[in-house]
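Please keep the structure open while reading.

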Amino acid sequence: NNATKHHSAGPVSARNVRRLLSFQRYLHSSRFIRGIPASNPLGYLLDDDYTGQAKLMLEKVGNWNFDMFLFDRLTNGNSLVNLTFHLFNSYGLIELFQLDMVKLRRFLVMIQEDYRSQNPYHNAVHAADVTQAMYCYLQEPKLAETMTSCDLLLGLLAAATHDLDHPGVNQPFLIKTNHYLAALYKNSSVLENHHWKSAVGLLRESALLSHLPTEDRSERLGSLILATDISRQNNYLSEFRAHLDKRDLCLTNGGHRHFILQIALKCADICNPCRPWKLSKLWSEKVTEEFFHQGDIERKHHLEVTPLCDRQSNSVANIQIGFMTYVVEPLFVEWSRFSDTRLSQTMMGHLSLNKQGWKEGRDKQEASTSRASEEQRTSAAKDSNSKELPQGSKRS
């Protein structure tokens with residue numbers, strides 16, 4: 001009977017097996033297996049099971065130059081689980097909300113497993129990076145003084161799940177290929193709706209919050225994740241600007257706090273250009289690789305190639321300069337007005353330097369390309385002259 005049950009589950013059962021193995025990997029790598037007394041069976045979860053360097057890195061988790069690529073390597077590809085668990089623990093959310101630590105670990109493993117590791121950019125490392133940025137913003141004075149424990153819980157959950165099960169292609173691609181998700185969500189915030197519903201599904205499956213009153217938790221989580229839809233950027237930006245112009249933001253008001261959480265998550269989601277050059281450049285290359293991969297698929301299937309995704313007419317530098325100028329800068333200028341701190345100054349400084357870095361790289365590339373084509377023209381002219389000379393001498 002069990003066999004038929006597993007057989008009928010099909011791919012879902014394969015996914016569950018993968019999760020189970022993944023969860024067991026944590027248990028086996030933990031100190032519990034290496035000899036914590038049985039009298040304290042949960043001690044291994046409280047004692048961070050990362051070794052040496054990874055643990056040292058977590059002590060500086062609030063640093064803006066935190067290297068998520070390095071942390072992911074040090075945790076053997078488990079950056080999202082380890083970082084999010086650490087933040088829940090350091091904020092005291094586990095005790096406060098009486099979260100079962102085994103359920104929490106299992107939930108975080110399920111999240112990490114449902115990000116597609118084959119995506120160059122939209123994967124669990126990006127989710128971990130956004131969660132770390134969100135933590136940096138939550139630590140800013142205006143937020144640290146006003147955000148409630150519920151706000152912190154939802155803010156971190158939204159950051160960790162904001163791109164859950166991202167297919168590595170954008171909404172227009174899903175619409176023009178008649179993908180079932182586009183039909184399901186009526187061509188509106190298709191990916192963000194999918195990330196939200198996937199997150200709610202995992203919360204339900206893990207029963208992590210089942211002992212807490214539901215209230216409007218799912219809707220609030222959804223409205224945070226939906227705010228990351230880049231096509232709605234101008235709506236949020238205009239509203240943010242209007243609040244700042246009127247100076248009417250009052251963070252004792254729950255609605256205003258939620259709005260600032262939305263803006264913070266939007267900033268965290270697109271903050272790569274505000275990181276130090278070494279990290280920023282790596283993220284830029286990864287996101288462009290994902291864009292170009294979509295363009296390749298479109299070309300192969302004779303679909304119209306999305307301009308941003310066309311490797312034949314675009315470069316990493318051009319894409320990044322455009323993204324920084326029209327999307328990132330306008331948002332971070334307003335965030336700096338709202339939160340005029342050392343972190344904001346640091347981010348704006350990196351943004352300016354990184355934009356300059358891409359421009360210089362592009363100029364060098366264009367100069368060398370034009371030199372090469374000039375040399376080609378000169379050598380072609382020489383060739384044709386040397387061919388013409390004998391003909392001339394024959395005519396004379």
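Where is the place of S189? S189 is in the loop between helix 13 (180-184) and helix 14. Helices (H or I, at least four residues) and strands (E, at least two) are DSSP runs, numbered from the N terminus.

The model is predicted, so local features need pLDDT of at least 70 and side-chain atom pairs count only at pLDDT 80 or more, while totals for chains, interfaces and linings use all residues. Residues are numbered from 1 along each chain as its sequence is written, and side-chain values use heavy atoms, with hydrogens and water left out.

Most residues other than glycine have a negative phi. S189 has a positive phi of about 40° although it is not a glycine. N76, also not a glycine, has a positive phi of about 60°. N76 is in the loop between helix 5 (68-74) and helix 6 (79-90).

Is N76 buried or exposed? Here buried means under 20% relative accessible area, exposed over 50%, and partly exposed in between (1.4 Å probe, protein chains only). N76 is exposed, because its relative accessible area is 59%. S189 has 7% relative accessibility and therefore counts as buried.

## The fold as a whole

The protein has 20 helices and zero strands. Of its 396 residues, 47% are buried. The accessible surface comes to about 20100 Å², and carbon and sulfur atoms hold 53% of that surface. Accessible areas come from the Shrake-Rupley method with a 1.4 Å probe; for residues, only the protein chains shown count as cover.

A contact means heavy atoms within 4.5 Å. Among the contacts with a separation of 6 or more, 73% are accounted for by residues 24 or more positions apart.

## Buried positions and their partners

Helix 15 (residues 217-226) has the buried residues R220, L221, G222, L224, I225 and L226. These buried residues pack against helix 11 (149-161), helix 14, helix 16 (233-246) and helix 17 (254-269).

M147 is in the loop between helix 10 (141-144) and helix 11. Not counting residues up to four places away in sequence, M147 touches L138, L152, R257, I260 and L261. D163 lies in the loop between helix 11 and helix 12. Leaving aside neighbours within four places in sequence, D163 is in contact with Y115, H122, H126, H195 and D269. V200 lies in helix 14.

M147 counts as buried because its relative accessibility is 10%. D163, at 7% relative accessibility, also counts as buried, and so does V200 at 13%.

| Pair | Separation along the chain | C-alpha distance |
|---|---|---|
| M147 and R257 | 110 residues | 7.0 Å |
| D163 and H194 | 31 residues | 8.6 Å |
| V200 and G222 | 22 residues | 8.7 Å |

## The largest pocket

Pockets are found on a 1 Å grid over the protein atoms alone: a cavity is a set of points where a 1.4 Å probe fits but cannot get out, and a pocket is an open set with protein on both sides within 12 Å along at least five of seven lines; lining residues have an atom within 4 Å of a point. Grid points are joined across faces, edges and corners, and a volume is the space filled by probe spheres set on the points.

The largest pocket has a volume of about 900 Å³. It is lined by 34 residues, of which H122, N170, I230, F291 and L308 are the closest to its centre. Helix 12 (171-176), helix 14 (190-206), helix 18 (277-300) and helix 19 (316-338) are the elements that give two or more residues to this lining. Helix 18 provides the largest share, six residues.

By class, the lining has 15 nonpolar, 14 polar and five charged residues. Ala, Val, Leu, Ile, Met, Phe, Trp, Tyr, Cys and Pro count as nonpolar, Asp, Glu, Lys and Arg as charged, and the others, Gly among them, as polar.

Why does the largest pocket lie between domain 1 (64-270) and domain 2 (271-372)? Both domains give residues to its lining. The domain bounds come from an automatic or database domain assignment.
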